[in-house]
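The sequence and the structure are shown first.

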2 protein chains.
Amino acid sequence: MITSAQNPKLKLVRALMGRPKERRDSGVFVAEGIRLLEEAASSSWKFRFVLFSGEMSQRGSKLLAVLKSKGIETEEVASHLLDALSDTGNSQGIIAVLEQAPLPMPKSTDFVLIPDQIRDPGNLGTLLRTAIAAGVQAVFLPPETTDAFAPKVVRAGMGAHFRLPIYDLSWEAIREATLGLHLFLADMHGKSCWETDLRSPLALIVGGEAEGASLPARELAEASISVPMPGHAESLNAAVAGAVLIFEVIRQRKEG
Amino acid sequence: MITSAQNPKLKLVRALMGRPKERRDSGVFVAEGIRLLEEAASSSWKFRFVLFSGEMSQRGSKLLAVLKSKGIETEEVASHLLDALSDTGNSQGIIAVLEQAPLPMPKSTDFVLIPDQIRDPGNLGTLLRTAIAAGVQAVFLPPETTDAFAPKVVRAGMGAHFRLPIYDLSWEAIREATLGLHLFLADMHGKSCWETDLRSPLALIVGGEAEGASLPARELAEASISVPMPGHAESLNAAVAGAVLIFEVIRQRKEG
């Protein structure tokens with residue numbers, strides 16, 4: 001059992017939770033909690049190792065048994081040390097270090113999401129969660145968007161990270177990867193999404209909380225679309241605006 | 001200038017930011033930051049007092065001048081004390097204590113939102129922000145929902161609190177206040193919102209993150225509606241599901 005805060009595995013987890021550079025250089029990230037790690041296990045995600053404490057629920061113990069049966073390295077940690085690692089202060093007794101190995105791109109795509117300049121980790125995670133629920137096939141992250149593998153993004157994503165191909169790409173690479181797709185930019189001054197035909201294959205760029213979309217996003221987009229706001233607000237939360245637009249695409253396609 | 005952390009005004013702000021009971025008993029709440037307080041001022045909200053520090057932007061100084069010209073009590077605080085009060089650690093140099101005086105109910109309503117068992121302050125604030133953007137006319141909060149005047153709710157609401165009638169009501173009072181409205185419950189097992197006619201006057205109950213809607217909500221609702229999820233997710237974030245449904249109501253009414 002690990003009883004020292006100076007243990008190399010604990011030091012690695014702390015470093016991974018703190019710094020984007022650490023995650024990029026090592027190609028791994030941290031996920032915690034039973035439900036999230038059940039998702040990782042059920043989608044056969046690659047684990048580096050698992051840390052657990054004695055204070056786990058029955059559901060947690062079952063998950064741990066599954067992980068062990070897959071040959072994944074597990075190690076017990078004194079529970080106060082595990083809780084101190086946790087981003088929420090409540091690890092539910094289990095934290096894992098997972099490989100950052102993006103899922104393969106589907107051969108053909110008709111719906112790609114591009115979160116642009118999204119800085120708030122909760123908003124990015126919520127966009128990923130919404131994307132997987134709606135059946136978006138891939139997410140491209142331009143350089144200005146916050147790191148998708150930061151702990152708060154992973155938590156808000158609720159397992160989306162294990163099902164959705166997520167790629168960090170330059171704008172030039174995004175231009176190439178979206179050839180053949182119509183590019184729409186979510187913009188409050190754009191045309192109403194209800195009056196825009198969104199049925200053909202497309203990529204949707206959702207701009208950030210403060211400044212909206214970046215210059216490269218504006219240059220790349222063919223058209224701007226908006227969620228009409230008949231009420232008294234200046235703007236919607238970025239994850240909310242993205243969700244309304246994402247499900248409008250699904251609605252139009254369903255109605256044919 | 002206030003230079004002691006034991007100053008009664010600072011003690012009041014700290015108490016109001018911490019405990020729902022304190023806010024209920026005193027009938028006031030805290031809002032911070034320039035943009036939010038600009039919203040409060042422009043909607044003629046009642047201020048109890050304003051605390052500010054010397055470290056304010058030009059926009060902040062302009063706001064302060066407006067507040068003073070309205071005869072609102074303002075007092076300077078040492079900037080480290082003001083930042084220590086702030087929920088975000090960055091007050092933008094201005095914090096206010098405001099009256100909790102609900103706006104009058106509109107004479108007739110055709111769209112009411114009922115956030116039910118929403119525990120996460122960010123989600124409740126986002127729902128309020130979405131509601132005001134969509135033109136929802138009132139929000140009824142049943143007893144199980146988190147306090148709408150908690151600092152994180154006010155922040156995520158982005159000014160919705162100053163434009164939207166928000167009422168804490170028992171389920172019995174909600175039943176009476178929604179006579180004449182159709183009651184729909186957001187539920188992932190409900191009928192597709194795209195196949196439900198949402199054009200007649202209605203109240204929408206959006207259930208909580210974990211357990212969904214409460215028993216009284218289920219009893220009161222006439223029908224359940226859902227956001228169809230063609231992808232791989234168990235559920236949507238409560239604020240996201242609520243937003244998609246709220247804007248679907250607006251879309252249907254616009255299309256007639």
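## Basis of the report

The structure is a predicted model. The values given here are computed from that model.

## Strand β2 of chain A and its partners

Strand β2 of chain A comprises residues 47-52 and is mostly covered, five of its six residues being buried. On the antiparallel side, β2(A) pairs with strand β4 (residues 94-99) of chain A over five bridges. Within this pairing, Leu51(A) has Ile95(A) of β4(A) as its bridge partner.

β2(A) also runs parallel to strand β3 (residues 74-76) of chain A, to which three bridges join it. Here the bridge partner of Phe52(A) is Glu76(A) in β3(A).

## The interface of chain A and chain B

Contact between the two chains involves 33 residues of chain A and 33 residues of chain B. The size of an interface is often expressed as the accessible area lost when the parts come together. For chain A and chain B, about 2700 Å² is buried between them, with 65% of it on carbon and sulfur atoms. Arg129(A), Trp194(A) and Phe247(A) contribute 22% of the area that chain A buries against chain B, more than any other three residues.

Which kinds of polar pairing cross the interface of chain A and chain B? The count of salt bridges is zero, while six residue pairs are in polar contact, both residues being at pLDDT 80 or more. On the side of chain A that touches chain B, α3 (34-42), α6 (121-134) and α10 (238-255) of chain A each supply at least two residues. The most is given by α10(A), with ten residues.

## Helix α3 of chain A

Ser44(A) follows α3(A) and has a positive phi, near 55 degrees.

## Positive phi angles

Most residues other than glycine have a negative phi. In chain B, Ser44(B) is not a glycine, yet its phi is positive at about 55 degrees. Ser44(B) lies in the loop between α3 (34-42) and β2 (47-52) of chain B. Ser44(B) counts as exposed because its relative accessibility is 56%, and the cut-off for exposed is over 50%.

Met158(A) likewise has a positive phi, near 55 degrees, and is a residue other than glycine. The loop between α7 and β7 (166-168) of chain A holds Met158(A). With 32% relative accessibility, Met158(A) is classed as partly exposed.

## Asp187 of chain A

Asp187(A) belongs to strand β8 (residues 182-192) of chain A. Is Asp187(A) buried or exposed? Asp187(A) is buried, because its relative accessible area is 13%, and the cut-off for buried is under 20%.

A polar atom of the Asp187(A) side chain lies 2.6 Å from the backbone nitrogen of His189(A). Leaving aside residues up to four places away in sequence, Asp187(A) touches Arg218(A), Ser224(A), Ile225(A) and Ser226(A).

Conventions. Residues are numbered from 1 along each chain as its sequence is written. Chains are lettered from A and ligands numbered from 1 in the order in which they are written. This is a predicted model: local features need pLDDT of at least 70, side-chain atom pairs count only at pLDDT 80 or more; totals for chains, interfaces and linings use all residues. Side-chain values use heavy atoms; hydrogens and water are left out. Buried means under 20% relative accessible area, exposed over 50%, partly exposed in between (1.4 Å probe, protein chains only). Helices (H or I, at least four residues) and strands (E, at least two) are DSSP runs, numbered from the N terminus. Two strands pair if DSSP finds at least two bridges between them. Contact means heavy atoms within 4.5 Å. Buried area is the accessible area (1.4 Å probe) that two parts lose on being put together, summed over both. A salt bridge is a side-chain nitrogen of Lys or Arg within 4 Å of a carboxyl oxygen of Asp or Glu. A polar contact is a pair of N or O atoms within 3.5 Å; within protein, one must be able to donate a hydrogen and the other to accept it, and residues adjacent in sequence count only if both atoms are side-chain atoms.
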